[in-house]
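User: I would like to learn how to read sheets, helix packing and aromatic pairs in a structure. Please take one feature at a time.

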Amino acid sequence: MSYTDLFHSFSSKRILVIGDVMLDAYLMGTVNRMSPEAPVPVVDLMKKDERIGGAGNVALNLAALGASPIICSVIGADSEGERLLHLFQEANISTEGIYASSNRITTVKTRVLSNNQQLLRIDSEDTSLISKEEETQLYQQIERIVEQGIDGIIFEDYNKGVLTHRVITELIAYAKQKGVITTVDPKNDNFLSYQGVSLFKPNLKEIKEGLDINIDVVNQPDSIVDGAKKLREKLHHELTLITLSEHGVFIENGSASHIIPAHAREITDVSGAGDTVISVATLCLIAGMSPTEIAAIANLSGGLVCEHSGVVSVDKATLLNEAKKIVNP
């Protein structure tokens, strides 16, 4: 099957994205003077903007690739949550898996910008674990969606409390029972909770901290193979995909491993690249691509979004064209 056909198959896939969603707010203006009240700049506000953030950015990438994402999370029953739901609806992303709880607040990250530079970030959030009642409500909503038929589940963890050990383990077991592919973009709090998943995608910093080991890709290339082996002994998963920043990506399946070098690009902003990589890797895995193809195309996608300022979704047509030129089918 050609890459054109494989990419076309993305449009038939329904993917659950389970994790921490948030509202990214931006206050943009100019600075022409310092405050007489304190040694801080005064921002003359010119524009306000609100965007989908956190695990929602994975859903945006999936939608950009033609898939049908369904976002599953717990947010606050507040005005910020309502605005976030509205943004998902504007993006034609299903919110049937979102539970609005009166006992939590919606995570909002507000950035103050001037001349394309961030001056300040204000976080409004509740990072405590969701309650047992909220866990049950979330699980039941996800169960109803899975029964309707899905192709994959992405766990997108930002350490904001939605992905508890119970939610993770029960959903992985349920997905296995249903024969559904599971992929993970982890954070350290639950790093070793994702046992038996189809694909586990940490970055280099996360695997170092998660296993408390040292990996030196440049001077000790075998150290990443050893790290992946230790990870496999803990998780017993199928595929490991480790993003290595400027060094590319590493992939292994228990019997073979490869490093796919990064392609020379004009890097503008690395924000959101991990969200793009897990989205692309998941769809490639569902499409039946080989481990090296998955790694190569995911590597391309991460580089493409880094050419743009801010958090952007991957462009499907551009990624396909790049894949045809660089990756051998």
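Predicted model: local features only at pLDDT ≥ 70, side-chain atom pairs only at ≥ 80, totals over all residues.

User: How do I read a sheet, and what is the order of the nine strands in the open sheet?

Analyst: Strands of a sheet pair through backbone hydrogen bonds, either parallel or antiparallel. Two strands pair if DSSP finds at least two bridges between them. Strands (E, at least two residues) and helices (H or I, at least four) are DSSP runs, numbered from the N terminus. Here the order is β5-β4-β1-β8-β9-β10-β11-β12-β13, with mixed pairing. The edge strands are β5 (94-101) and β13 (257-260), each pairing on one side only.

User: Do β10 and β11 run parallel or antiparallel?

Analyst: Strand β10 (residues 199-200) and strand β11 (residues 239-243) run parallel and are joined by two bridges. Leu 199 stands opposite Leu 239 in β11.

User: What is the order of the open sheet of four strands?

Analyst: That order is β3-β2-β6-β7, again with mixed pairing. At the edges are β3 (41-54) and β7 (117-124), each of which pairs on one side only. From one strand to the next the twist averages 20 degrees. Strand β6 (residues 108-114) pairs with β7 in the antiparallel sense over seven bridges, and Lys 109 stands opposite Asp 123 in β7. Helix α3 (residues 79-90) packs on this sheet and touches β2 (21-34), β3 and β6. Contact means heavy atoms within 4.5 Å.

User: How is a helix pair described, and at what angle do α8 and α9 pack?

Analyst: Two packed helices are described by the angle between their axes and the distance between the axes. Axes are lines fitted to C-alpha atoms, for helices over the stretch in contact, and angles run from 0 to 180 degrees between N-to-C directions. Helix α8 (residues 273-286) and helix α9 (residues 291-305) pack at about 150 degrees, with their axes 8 Å apart. That makes α8 roughly antiparallel to α9 (angles under 35 degrees count as roughly parallel, over 145 as roughly antiparallel, 65 to 115 as roughly perpendicular and the rest as oblique). Among the contact residues, Val 277 and Val 280 are in α8, and Ile 294 and Ile 297 are in α9.

User: At what angle do α2 and α8 pack?

Analyst: Helix α2 (residues 55-64) and α8 pack at about 50 degrees, with their axes 8 Å apart. They are therefore oblique to each other. The residues that meet include Asn 57 and Leu 62 in α2, and Thr 276 and Leu 283 in α8.

User: How many aromatic pairs are there, and how is one described?

Analyst: A pair of aromatic rings is described by the distance of the centres and the angle of the planes. Rings of Phe, Tyr and Trp (its six-membered ring) pair if their centres lie within 6.5 Å; planes under 30 degrees apart count as stacked, over 60 as edge-to-face and the rest as tilted. The whole structure holds five aromatic pairs. In one, Tyr 139 and Tyr 174 have ring centres 6.0 Å apart and planes at 50 degrees, so the pair is tilted. Tyr 139 lies in helix α4 (residues 132-147) and Tyr 174 in helix α5 (residues 165-178), so the pair ties together parts 35 residues apart in sequence.

Definitions and conventions:
Residues numbered from 1 in each chain as written. Heavy atoms only, no water.
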